[in-house]
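Subject: Structure handover

Hello,

Here is the structure you were expecting. Please look through it alongside the notes below.

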Amino acid sequence: MTTELPEVLPAIAIPSDAEEYDVVVVGFGIAGGSAALEAARAGAKVLLLERAAVHGGTSSMSGGHFYLGGGTAVQEATGHADSVEEMVNYLTAVSADPDPEKVRAYCEGSVEHFDWLEALGFEFERSYYPEKAVIQPGTQGLMYTGNEKVWPFIEQAVPAPRGHKVPVPGDTEGTRIVMDLLRDRLAETDAEVRYETGAHALVTDESGAVVGLRWKRFSETGLVRARAVVLAAGGFVMNKEMVAKFTPSLAEKPFVLGSTYDDGLGIRLGQSVRGDTAFMEEAFLTAPFYPPSKLVKGLVVNKLGQRFVAEDSYHARTSGFVMEQPDHAAYLIVDSEHIEHPAFPLAPFIDGWETVAEMEQALGMPEGALATTLERYNEHAAVGEDPDFHKHPDWLAPQGTGPWGAYDLTLGKALYAGFTLGGLVTDVNGRVLTADRAPVPGLYAAGACASNIAQEAKGYASGTQLGEGSFFGRRAGRHAATK
């Protein structure tokens, strides 16, 4: 692995008899597949390159959440009112540096995109899962997967659940259905797909416009001419050098979420022709302590015995705050009335204690610190209030009945997992932009190698990557086809 940029070849390197395509897409995950399908449907001659032997990429490893709203059929069927404006308000509020044009395009196009996904050949179940979970345990089609009901966002946008799940039980292989259908729909077009074939260098003309690329398949290489290239080759979580440089929090202890080919090549190809990057330091990092939902009623404290986050936050938001605590250490404290051990605990149970003083001592906290925090929490929870962190009343309950138990949320003790969020800067149509925000002619990017609306972990919601990857992949494919 490396952080070095690939070479850039001159247009004269392409032989006169080279293959020619209107659009060449690099990567057959959710973004690349969506881009290739839309480009082909728009009448373009399309070549899709995939380094792996099969389609799917990292997308196929996800649980199958798509973050969609504005009044989808599932929202309407389950009685959850939503609007474009409230979705815009929410995504703007949780974004570190919101791009108003992208956020609005995504929200305004969300219902149509929902319909497009179902038209691939499946239906989201018209049902709702009301509990706190990382993903629905069954086939329920809708749940809250972000911080919509968490302060301060609940005051900035009317909450609505937007986590639409593919109808597959549990949290593995959820997107495989969509990827298989995307492959099938693509096979109905004239698009050409080449597996075990990757892009290794871009070709530019005298003006700097991308006019083709060099591919490699095992020891064989070749060049193709293209009017446009769409980079959809994933993030960089598997590139140790890039991770060490940009997201060192992912370098040591967390389990990384990605495929072999999430090595940052797509990003570096874009950089090689002056494409700019953004949010490269941002990483999704989490070790959920729920389900079961009952645990959310406990309180999370640092090694000083102090609370620092509303416990009803989306799990990556909570984990983001854990990373800011001394020694990345934190504990979930729950009393005997609310403790319920997870079936598959990511945050290990430490022990139980008859008194708070014993628990303080065992956890190495300052004497009296946890007792003071617990007393204040219980006093206000008893009347449904949390003046310190504004935890939603649904998840407030005094933790006053001993014995008490503690779960370890500390980095290195809990099983944290993560992936990268930064990538190439693009406009609303997926065109890669330079540092001065001028488009690189002929070059597009989408999915995990582009920086879109999923910018930072504390504002992330499950389903954003699949949702925006497929949505902006489609836009990039359509625009590239008509370039």
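Predicted model: local features only at pLDDT ≥ 70, side-chain atom pairs only at ≥ 80, totals over all residues.

The protein chain contains 12 helices and 22 strands. Its radius of gyration is 24 Å, close to the 23 Å that the globule rule gives for 483 residues, so the chain is as compact as a globular protein of that length. Along the principal axes, the C-alpha trace spans about 80 × 45 × 40 Å.

Of the 483 residues, 59% count as buried. Taking contacts between residues at least 6 apart in sequence, 74% join residues at least 24 apart. The chain exposes about 18,500 Å², and carbon and sulfur atoms supply 51% of that area.

On charge, the chain has 39 positive and 65 negative charges.

Is α1 enclosed or open to the outside? In α1, 11 of the 12 residues are buried, so the helix is largely enclosed by the rest of the structure. Among them are Ile-30, Leu-37 and Glu-38, together with the glycines Gly-32 and Gly-33. Ser-34 is buried as well. Just after α1, Gly-43 has a positive phi of about 100 degrees.

Regards

Note on methods: Residues numbered from 1 in each chain as written. Heavy atoms only, no water. Helix = DSSP H or I, 4+ residues; strand = E, 2+ residues; numbered from the N terminus. Rg over C-alpha atoms; globule rule 2.2 N^0.38 Å. Buried < 20%, exposed > 50% of the residue type's maximum accessible area, 1.4 Å probe, protein only. Contact = heavy atoms within 4.5 Å. Areas by Shrake-Rupley, 256 points an atom, 1.4 Å probe, with all protein chains shown as cover. Lys, Arg positive; Asp, Glu negative; His and termini not counted. Charge placed at Lys NZ, Arg CZ, Asp CG, Glu CD.
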